Amino acid sequence: MCRTITRTAACRRWAGSATVLGIALTAGVIGCDGGMTPVPLLNVPLVSDQTGIVLGATLWNATDTDFGEDCTGTGLPATDVHAAMFEALNRYRIENGLNPLIYSQTLQDAADAHAQDLWGRGYFSHTNPDGAEPPDRAMMAGFCHRYVGENIAAGQLSVAQVMEALRASPSHDANMLEPDYAYVGMGYSVDANGRRYWCQLFAFDVPNLN
C-alpha cells in the first residue's frame with residue numbers, strides 16, 4: 001500500500017491507493033487539486049474519501065457561511081437504507097468513545113444527489129465534471145457552511161460491506177472517527193445495472209460567532 005500524508009493548517013490530504021479485502025481504494029482531498037477518476041468498466045467495488053477543513057470560528061468568513069433558518073436541516077433519514085447507514089456509523093463512533101452525529105436532511109440531499117450523479121455522468125470523484133466539490137454541494141443544498149468531509153463508495157452490496165471497506169482504509173476510517181464532526185447525511189443510489197453508490201457527507205458544528 002502506498003499512502004502519502006501532507007498536512008497544512010487548512011487541509012489534511014490523503015493521496016495514494018491501496019487494495020484492502022480485494023477492494024480498490026482511492027483517497028481524495030478537500031481544498032487541494034485532484035483529478036476525476038472514470039468509473040471502471042469492471043464491477044469492482046470502490047471507496048474514496050475527502051476530509052474536511054478544520055478551522056476555528058475565528059477563521060470563518062461570511063462567504064463560507066449561510067446561517068439561514070434551520071440551515072442544518074435536522075430530521076430523520078429518508079429510507080431504511082439511509083437509516084441503516086446512519087445507525088451503523090453512529091454505532092461505530094460510540095464503540096470508539098465518540099459522540100453520535102446528528103442527522104441532517106440537508107446533507108442527505110447533497111449526498112443523494114452526488115451518489116446519483118456519479119453513475120449518471122460516469123465518474124468516480126469528489127469533484128464533479130462541473131468542478132463542484134463537497135463544500136459547494138453542501139452549500140447549494142442549503143447547509144450552513146462549507147466545512148464538510150465526504151466518503152464515497154461504489155459496488156458494495158450492503159451497508160455492512162460498505163462499513164467494512166471504509167474501516168479497512170485508514171483515511172476513510174479517520175473521516176468516520178473525526179471527533180469534531182457534528183452532522184452527517186447519507187447518500188444512496190442504484191444505477192440501471194443494479195450497481196450501488198454510497199456517500200457519507202459529514203459537517204462540523206455551526207460556530208457561534210456572537
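In S10, which residue is the bridge partner of Val 190? The partner is Arg 196. This is a predicted model, in which local features need pLDDT of at least 70, side-chain atom pairs count only at pLDDT 80 or more, and totals for chains, interfaces and linings use all residues. Residues are numbered from 1 along each chain as its sequence is written, and side-chain values use heavy atoms, with hydrogens and water left out.

The protein chain holds 5 helices and 10 strands. Helices (H or I, at least four residues) and strands (E, at least two) are DSSP runs, numbered from the N terminus. Of the 210 residues in the chain, 50% are buried. Buried means under 20% relative accessible area, exposed means over 50%, and partly exposed lies in between (1.4 Å probe, protein chains only). A contact means heavy atoms within 4.5 Å. Among contacts in the chain with a separation of 6 or more, 69% come from residues 24 or more positions apart.

Two strands pair if DSSP finds at least two bridges between them. S9 pairs with strand S6 (residues 102–103) in the parallel sense, over 2 bridges. Here Ile 102 stands opposite Tyr 183. S9 also runs antiparallel to strand S10 (residues 196–204), and 9 bridges join the two. The hairpin of S9 and S10 has 5 residues between the strands. Within this hairpin, Gly 194 takes a positive phi near 85°.

Helix H1 spans residues 80–95. The expected span of a helix is 1.5 Å times one less than its number of residues. For the 16 residues of H1 this gives 22 Å, and the end C-alpha atoms are 22 Å apart, so the two values agree. The buried residues of H1 include His 82, Met 85, Phe 86, Leu 89 and Arg 93. An α-helix has 3.6 residues a turn, so residues three or four places apart point the same way. The buried residues of H1 pack against S6, helix H2 (105–120), H4, helix H5 (170–176), S9 and S10.

In helix H3 (residues 134–141), the buried residues are Pro 134, Pro 135, Arg 137, Ala 138 and Met 139. Gly 142 follows H3 and has a positive phi, near 110°. Asp 109 lies in helix H2. With a relative accessible area of 46%, Asp 109 is partly exposed. Its C-alpha atom is separated by 9.9 Å from that of Met 140, 31 residues apart along the chain.

Grid points are joined across faces, edges and corners, and a volume is the space filled by probe spheres set on the points. The count comes to 2 cavities of 30 Å³ or more.

Val 162 lies in helix H4. At 5% relative accessibility, Val 162 counts as buried. Leaving aside residues up to four places away in sequence, Val 162 touches Ala 153, Gln 156 and Trp 198.

Notes:
1 Å grid on protein atoms, 1.4 Å probe; cavity = no way out; pocket = protein on both sides within 12 Å on 5 of 7 lines; lining within 4 Å.
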